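Here is a briefing on the model shown below. It starts with the nonpolar core and then moves to folds, sheets and single residues.

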Amino acid sequence: MEKLDLQALGLRALNEKLQNQTDETNQKDWEIINPRGSHAIAVGVDAPINVTVRGSTGYYCGGMNKQAHIHVDGSAGPGVAENMMSGTVTIDGDASQYAGATGHGGTLVIKGNAASRCGISMKGIDIVVHGNIGHMSAFMAQSGNLVVCGDAGDALGDSIYEARLFVRGAVKSLGADCIEKEMRPEHLDILRDLLEKAGCDAKPEEFKRYGSARQLYNFKIDNAY
Amino acid sequence: MSDKKQNAIPQTVPVQSSTFSQTVNAEIRRAAATGIYDIRGGGAKRKVPHFDDLLFLGASISRYPLEGYREKCETKVTLGTRFAKNPIEIDIPITIAGMSFGSLSGGAKEALGRGASMAGTSTTTGDGGMTVEERGHSSKLVYQYLPSRYGMNPDDLRKADAIEVVVGQGAKPGGGGMLLGQKISDRVAKMRNLPKGIDQRSACRHPDWTGPDDLEIKILELREITGWRVPIYVKVGGARPYFDTTLAVKAGADVVVLDGMQGGTAATQDVFIEHVGQPILACIREAVRALQDLDMHREVQLIVSGGVRNGADVAKCMALGADAVSIGTAALIALGDNDPRWEAEYQKLGTTAGAYDDWHEGKDPAGITTQDPELMKRFDPVEGGRRLNNYLKVMTLEAQTIARACGKSHVHNLEPEDLCALTLEAAAMAKVPLAGTDWWPGKPGTSY
């Protein structure tokens, strides 16, 4: 385990050390201390390493992550794991708005609650939230899975494309073109797998599935003429 | 002739309404028939105050010209000197604006890369991600970071020579992108992670930041991911140029890209193009004033776009304080868009060469704004690149000609004092004297 003190090292040097790791690195385990809510911690990492952040982070922790397993032993500010490509990001506490925004892959686990716009414009990422999520979550969500073990706020899945949304609790309201959909066996399998990966003991059968009605996919044109 | 006819009462001549013109009425009928607003490509077509309303004064007894053909007149520009380890150096003050793969064919993107590289300048990606064609053929490539984040990934980000955070564009400040189903081919759909054939409407604002304070943190993240190596541009539409430029600089931009309402788009609502945003002429001096107030003029570079067509336009932008210009529509015309050689086919589409703007339909006879494999075969990227290079060369020579006539050894040495305006409106917007006077509306020290 290599320990990096963010306050002593500075953000650039810290990120550079992590970004310099390759697939073949022997230094697999990293610990970041004194994050003190700093922004852009462990962004752009592209190696199969384990990074633990001891404390809470500011904006964009784990942004554009590839391969790495990033664990925040605290809460995360806005845009955690934004545009993640692969790997995992796990937040022990709560996550602020835009968690997992535009993520293309990998898994984001939030053990507390997530604020508004969780999974906005998601493009293949899997997100599991143990608690509740805020309003406008999964707005324009393109693909991937968003699992919410608690409740969802207003306008869930507004203008959604092909992402799958699973919510165990109440949904305050659905956004435009988002509807409840049949939970088929393949969805239960996906859900079971994601819950297991996220260390969540909820049962897949307790969830409802939401997705696109596909009524906004094309402009409505009167072709009477 | 009968007496009755001889004594006929003179009839009123039919008068067409200026308000309800034939064009307006046709649009009302089209809207009534279809129930959908008009979507088209390009920029504002209405006449607005523009560079043609400005003139250079040239040298005289009080100004000494440079010899027109032989004396040095430099055109090199360095972009991104504020924070980037590797600023971009271009040979000419003209760059190619962001145009997406999806709106343009792969061949057209390749041609832009070929032509720009030959001329020693940069191209820009556009919505939809980076293609092999444009990275492979562009010696300097600016990667746009857009609200949609289609195709966005850290590998491409690190391949870029600069990153352009797009907040808005001149054709539609406050609006998002649009790519209709006809152009969502298998390849485009895969790159954008969308179902094939849908009418894709991208978001108008970024998903993970709002406001200038957030933008500063977003720029920090992009710099950290790319090791502070490449310049970060911020592109805004011509809405509130003084404040937008100020906020972009405060957020940490290396370069501000400012796009006026004549700047083109692949597709959006006609009502948006024609009724939102300001002409570029009204924006440049305000952006320069913002840079000067921050003591950042020339430290943060300013690229302007929206209706730049020739070397005179380039020189006028330089004189108003810009560091470089960007061209989109003009570059497409150089490649062969709207060329009269396809007139018969334009007629079949119900339009004519020069007016064709239904780029979103993917039926471009020139094979440029399409994803149709048969139409794309008509376009030769090598020939397109040659034409673009020639055009860029001519624009540069023209700008140099004017700069020398004004006694300038670098196009950046052109200044507002080299200009006068033909109209009150242009004088007010460009803040240069109305021709024959030493006055413009709003000139400091004047009370009217």
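A nonpolar core is a set of buried Ala, Val, Leu, Ile, Met, Phe, Trp, Tyr and Cys residues joined through C-beta atoms within 7 Å. A residue is buried if 20 or more other C-beta atoms lie within 10 Å of its own. The model is predicted. Its largest nonpolar core has 187 residues.

**Nonpolar cores**

- A:V147 and B:V256 have the most contacts inside the largest core.
- Helix α15 of chain B, residues 381-405, gives the most to this core, with seven residues.
- Another core lies apart from the largest one and has seven residues. Among them are B:V48, B:A171, B:M261 and B:I273.

**Contact between the chains**

- Chain A gives 40 residues to the contact, and chain B gives 23 residues.
- On the side of chain B that touches chain A, α2 (22-34) and α7 (211-225) of chain B are the elements that give two or more residues.
- The largest share of that side comes from α7(B), with five residues.
- By class, the side of chain B that touches chain A holds 12 nonpolar, six polar and five charged residues.

**Chain A overall**

- Chain A has three helices and 11 strands.
- Along the sequence, the pattern of chain A is β-α-α-β-β-β-β-β-β-β-β-β-α-β.
- A compact globule of 225 residues would have a radius of gyration near 17 Å; chain A has 18 Å, which agrees.
- The C-alpha trace of chain A spans about 65 × 45 × 30 Å along its principal axes.
- Of the 225 residues in chain A, 55% are buried.
- Take the contacts in chain A between residues at least 6 apart in sequence: 25% of these join residues at least 24 apart.

**The sheet of chain A**

- The 11 strands form an open sheet with mixed pairing. Their order is β1-β2-β3-β4-β5-β6-β7-β8-β9-β11-β10 (chain A).
- The edge strands are β1 (2-5) and β10 (178-181) of chain A, and each pairs on one side only.
- Neighbouring strands of this sheet are turned by 15° against each other on average, direction ignored.
- Helix α3 of chain A, residues 185-197, packs on the sheet. Helix α3(A) touches β6, β7, β8 (143-148), β9 (164-167) and β11 (208-212) of chain A. The direction of α3(A) makes about 65° with that of β8(A).
- Strands β2 (residues 29-33) and β3 (residues 50-54) of chain A run parallel and are joined by five bridges. A:I33 stands opposite A:R54 in β3(A).

- Strand β5 of chain A, residues 88-91, runs parallel to β6(A), and four bridges join them. A:T88 stands opposite A:T107 in β6(A).
- β6(A) also pairs with strand β7 of chain A, residues 123-129, in the parallel sense over four bridges. The bridge partner of A:L108 in β7(A) is A:I127.

**Two single residues**

- A:P204 sits in the loop between α3 and β11 of chain A.
- Why does A:P204 count as partly exposed? It does so because A:P204 has 19 C-beta neighbours inside 10 Å, and a buried residue needs 20 or more.
- Leaving aside neighbours within four places in sequence, A:P204 is in contact with A:L188, A:L191, A:R192 and A:L195.
- A:P204 and A:R117 are 87 residues apart in sequence and 23 Å apart in space, C-alpha to C-alpha.
- B:D270 is found in helix α9 of chain B, residues 270-275.
- B:D270 has 16 C-beta neighbours inside 10 Å, so B:D270 counts as partly exposed.
- Not counting residues up to four places away in sequence, B:D270 touches B:D38 and B:R40.
- B:D270 and B:Y37 are 233 residues apart along the chain, and their C-alpha atoms are separated by 7.7 Å.

Terms used. Residues numbered from 1 in each chain as written. Chains lettered and ligands numbered in written order. Predicted model: local features only at pLDDT ≥ 70, side-chain atom pairs only at ≥ 80, totals over all residues. Contact = placed C-beta atoms within 7 Å. Nonpolar A, V, L, I, M, F, W, Y, C, P; charged D, E, K, R; others polar. Buried ≥ 20, exposed ≤ 12 C-beta atoms within 10 Å, placed from the backbone. Rg over C-alpha atoms; globule rule 2.2 N^0.38 Å. Pairing = 2+ DSSP bridges. Axes fitted to C-alpha atoms, helices over the stretch in contact; angles between N-to-C directions.
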